[in-house]
Amino acid sequence: MASTQADERRVQKIDVLVVGAGFGGMYALHKMRERGLKTQAIEAGGGVGGTWYWNRYPGARCDVMTIDYSYSFSNEIQQEWTWTERFCSQSEILEYANYVARKLDLFRDIKFDTRASSVEYDDAKRRWRIETEQGDVYDAKYCILSTGPLSVPKGVDIPGADDFQGELYLSARWPHEKVELDGKRIGVIGTGSSGVQIVSVVAHQASHLHVFQRTPSFSLPMRNAKMDPEYVAQIKKHYPAMREVTRMTFSGGTRPASSRPLFSVPVDERNAMLEEAWKTAGHNLLGIFSDLLLYKEANDVVADFVRGKIGEIVKDPDVAEKLKPKSEPIFARRPCLDTNYYEVFNKDNVTLVDCLSTPIERITPRGVIVAGEEIELDVIIAATGFDALTGALLSIDIKGKQGASLKEKWAEGARSYLGMAIQGFPNLFTTAAVNGPSALANFILLNEQNVNWINDLLDYMDANGFDTVEATEEAENKWLDRIALLASRSLMPKANTWYTGTNIPGKPRTFPMYAGGLGRYTEDCQLVAQNGYEGFDFYSEASPEAEAELAEEEAS
Ligand code: N01
């Protein structure tokens, strides 16, 4: 931590530094300011909203219902804001984020276009020194990392990508200015949630669209619709009570969750339930039986049902067959929600390229080579995913006690306690991060739960005269055992996805998220608090040097 005098002059001394101004960072900033702490947030993007700031590709839309995907901490906010659609567009969610930021007067304490480069613990001062790529230096007692699970795009790992002379866009770094796609020859690489949404829209704009699909995804009909004002009024009237319930559910939302295992339901009734879910809202398919993520044979029934629907929609049997996912259980990779995705493959201007049998060999100045043939393109859209869960945290040089690096600590996989605290990194917190439910739960409610829990922890510290808190190694180990146990019961670790890290070459294969649901996770966290913040070590005012002196005095 070499620093010059000039460096020291520009150090800004604050209580809390929050990294990220997505929904987690925004709430963390608000809550820390509310408790009277001098708090600064920094954000790499040019505005608030996190993922919704960056992912502004055509068709970008949330796959969680808007009545759930919104802050619950302020009844004023949830009464004042009115969503227009069941599943809202990226632009409306971004508007919401900006509305909240204005309402809470957050902008004055967020520095945009500012990316954290290093976060280092000073053992002697028991404080964090945070440096940014833009040259800011902060000296903070606490650091809250709300960097998001899906914020580092994987990019295009295909030879020749730099040679392409046409327009190449990453879905997760979509330009702010209008991109003209009408009448162009477009190639979309990747068919996860982003790719599926893009394809469903640009198929109607392109002169010809090539969809480069490696692993097919299961996609379910979103059945989006305008909100009925009477329904909105009913939700608003009962919002506070409704939130009390939803934050203790598995997903953190109003999606149905059944306690009935699939084979407990007679076949006719079961089929009727599947049809009804498909017709009304595809995501209900995940919740109408209790064992779809636990029992492969039950999962197979739903997977077969969806494969059957693909076969019914897509007219060309060869194309339909290629679109049917076969290698992984349904829901083991996050299901996509779409609007007429499979239908676009019936259009004459859409060609599916099966990259499992014919991989993209390289990108050329004029297009893409597949099976030795060049497909000429004006535009390539890469929806190739993210270095998820750990990518954003590990892109910062984070060093804890005695200079220990987080990168080394996490070389074999992420290790933290409750997904909020890391042994060896005192007074540093993460929200909605790896080792918690993260992207498996309603992201906004999870962030609220995390920030509230951290806030309560700080209350406890204040009440007891502690100034430093650190997770113990034992607690971290036990927590990781719990995560592993929950994962071992789930089918989710079976797939090669960003959940398991297998989409990034060299990343250790793990299933690092808490698979027990938001409600159970919340109870686990509550229990830790009730047991006097079991699994944490606390220290009081004295610095380590002062403590060492005291120990010496006592010894003599
Ligand atoms: O990323 P992904 P995403 N050649 O990793 C393919 C959330 N989200 O951005 O699986 C060819 O799912 C890759 O193929 P394969 C949501 O949680 C939410 O789409 O590696 N293909 C895969 O098909 C989601 O789960 C919303 O074989 C290549 C695709 O790219 C998460 O974000 C919307 C390739 C990547 O899919 C991530 O979704 C969007 C290559 N070299 C995202 N490299 C909503 O709320 C990669 N691929 C609706």
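Tutor: Start with R126. This is a predicted model, and in it R126 counts as buried because its relative accessibility is 9%, under the 20% cut-off.

Student: Where does R126 sit?

Tutor: In a loop. That loop runs between β4 (116-122) and β5 (127-132).

Student: What about the phi of R126?

Tutor: The phi of R126 is positive, near 55 degrees, and the residue is not a glycine. A432 also has a positive phi, of about 45 degrees, and A432 is not a glycine either.

Student: Where does A432 lie, then?

Tutor: In the loop between β19 (425-430) and α14.

Student: Is A432 buried or exposed?

Tutor: Buried. Its relative accessible area is 1%.

Student: You named α14. Which helix does α14 come close to, and within what distance?

Tutor: α16. The axis of α14 (residues 443-464) and the axis of α16 (residues 518-530) come within 11 Å.

Student: And at what angle do the axes of α14 and α16 cross?

Tutor: Roughly 0 degrees. Angles under 35 degrees count as roughly parallel, so α14 and α16 are roughly parallel to each other.

Student: Which residues meet there, between α14 and α16?

Tutor: From α14, L445, L446, Q449, N450 and W453. From α16, L518, Y521, T522, C525, Q526, V528 and A529.

Student: How many of those are nonpolar, polar or charged?

Tutor: The contact of α14 with α16 has 8 nonpolar residues, 4 polar and no charged.

Student: New topic. How many disulfides does the structure hold?

Tutor: 0 disulfides. Take C62: the nearest cysteine sulfur belongs to C88 and is 8.7 Å away.

Student: Is C62 buried or exposed?

Tutor: C62 is buried, at 2% relative accessible area.

Student: Let's do a helix by itself. How far apart are the end C-alpha atoms of α9?

Tutor: They are 25 Å apart. Helix α9 (residues 296-313) has 18 residues, and at 1.5 Å a residue it should span 26 Å, so the two values agree.

Student: Which residues of α9 are buried?

Tutor: A298, N299, V301, V302, A303, F305, V306, R307, K309, I310 and I313.

Student: What covers the buried residues of α9?

Tutor: The cover includes one strand, β10 (219-221). It also includes the helices α8 (267-280), α10 (317-323) and α11 (341-344).

Student: K31 next. Where is K31?

Tutor: In helix α2 (residues 23-34).

Student: Buried or exposed, that K31?

Tutor: K31 counts as buried because its relative accessibility is 16%, under the 20% cut-off.

Student: What does K31 touch?

Tutor: Leaving out residues up to four places away in sequence, K31 touches V451, N452 and N455.

Student: Last one: T390. Where is T390 found?

Tutor: In the loop between β16 (379-382) and α12 (391-394). T390 counts as buried, at 11% relative accessibility.

Student: And what is T390 in contact with?

Tutor: With W410, A414, V434 and K507, leaving aside neighbours within four places in sequence.

Notes. Residues are numbered from 1 along each chain as its sequence is written. This is a predicted model: local features need pLDDT of at least 70, side-chain atom pairs count only at pLDDT 80 or more; totals for chains, interfaces and linings use all residues. Side-chain values use heavy atoms; hydrogens and water are left out. Helices (H or I, at least four residues) and strands (E, at least two) are DSSP runs, numbered from the N terminus. The expected span of a helix is 1.5 Å times one less than its number of residues. Buried means under 20% relative accessible area, exposed over 50%, partly exposed in between (1.4 Å probe, protein chains only). Contact means heavy atoms within 4.5 Å. A disulfide is a pair of cysteine sulfur atoms within 2.5 Å. Axes are lines fitted to C-alpha atoms, for helices over the stretch in contact, and angles run from 0 to 180 degrees between N-to-C directions. Angles under 35 degrees count as roughly parallel, over 145 as roughly antiparallel, 65 to 115 as roughly perpendicular and the rest as oblique. Ala, Val, Leu, Ile, Met, Phe, Trp, Tyr, Cys and Pro count as nonpolar, Asp, Glu, Lys and Arg as charged, and the others, Gly among them, as polar.
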